Amino acid sequence: MLPADARFVVGPAGGLAARSWALLHGDPAAAPAPRPADPRAIAVLLLTSGTTGRPKFVAHSLASLTEGADRYRHLGFGAGQRMALSLPMVHVAGLTLFLAALRLGFCLVLCDAADPGAMLDAAEEHDCDCIGGMPVLFSLLLAAHRERTRSLPSVSYTHLRAHETGRNL
């Protein structure tokens with residue numbers, strides 16, 4: 001459970017062990033200093049994609065999220081790169097890529113996986129060198145590209161997450 005100084009309520013706090021929402025918008029000097037976060041404490045619950053069964057919540061700490069984001073450095077991600085991304089931030093794959101972009105200085109062009117044509121347009125417009133998403137998206141991207149060809153000379157690789165990718169993709 002969150003400590004009382006990290007919980008806020010809208011309206012009067014009453015007898016609750018929480019602070020008023022108004023403190024978030026008040027004078028920062030009047031608010032007590034926040035305690036340093038324990039990097040091993042649970043920071044967020046994220047859903048799995050359910051590829052191995054039913055989706056499950058997985059607890060992540062600041063340390064596990066940082067380690068996940070830093071792994072992208074070993075994959076060659078860094079400043080100056082642009083990735084068109086359609087992964088949701090409520091899943092660990094999307095969130096760690098978002099955090100990696102912040103930590104490593106590369107640009108994410110956030111796209112809607114429901115519109116693969118618009119994703120290709122965004123990759124073309126922003127000279128993305130990578131397209132990231134679930135394997136099922138890439139079948140849709142290929143179909144959208146066949147329907148209307150885009151010039152994507154900057155795209156040099158793709159980043160697939162979760163499901164297996166079929167050989168015919």
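In which strand does V44 lie? V44 belongs to strand β3, residues 42-47; helices (H or I, at least four residues) and strands (E, at least two) are DSSP runs numbered from the N terminus. The model is predicted, so local features need pLDDT of at least 70 and side-chain atom pairs count only at pLDDT 80 or more, while totals for chains, interfaces and linings use all residues. Residues are numbered from 1 along each chain as its sequence is written, and side-chain values use heavy atoms, with hydrogens and water left out.

- V44 counts as partly exposed because its relative accessibility is 25%; buried means under 20% relative accessible area, exposed over 50%, and partly exposed in between (1.4 Å probe, protein chains only).
- V44 is in contact (heavy atoms within 4.5 Å) with V58, A59, H60 and L65, not counting residues up to four places away in sequence.
- The C-alpha atoms of V44 and H60 are separated by 5.5 Å, although the two residues are 16 apart along the chain.

**Nonpolar cores**
- A nonpolar core is a set of buried Ala, Val, Leu, Ile, Met, Phe, Trp, Tyr and Cys residues joined through side-chain atoms within 4.5 Å.
- The largest such core has 14 residues, and M83, L97 and F106 have the most contacts inside it.
- At least two residues of this core come from each of α1 (62-74), β5 (82-85) and α2 (92-104), with α2 giving the most, 5 residues.
- A second, separate core has 13 residues, including C111, L120, C128 and L141.

**Loop residue R150**
- R150 is located in the loop between α4 (135-147) and β8 (157-160).
- R150 counts as buried because its relative accessibility is 8%.
- Leaving aside neighbours within four places in sequence, R150 contacts G117, L120, D121, E124, A144 and H145.
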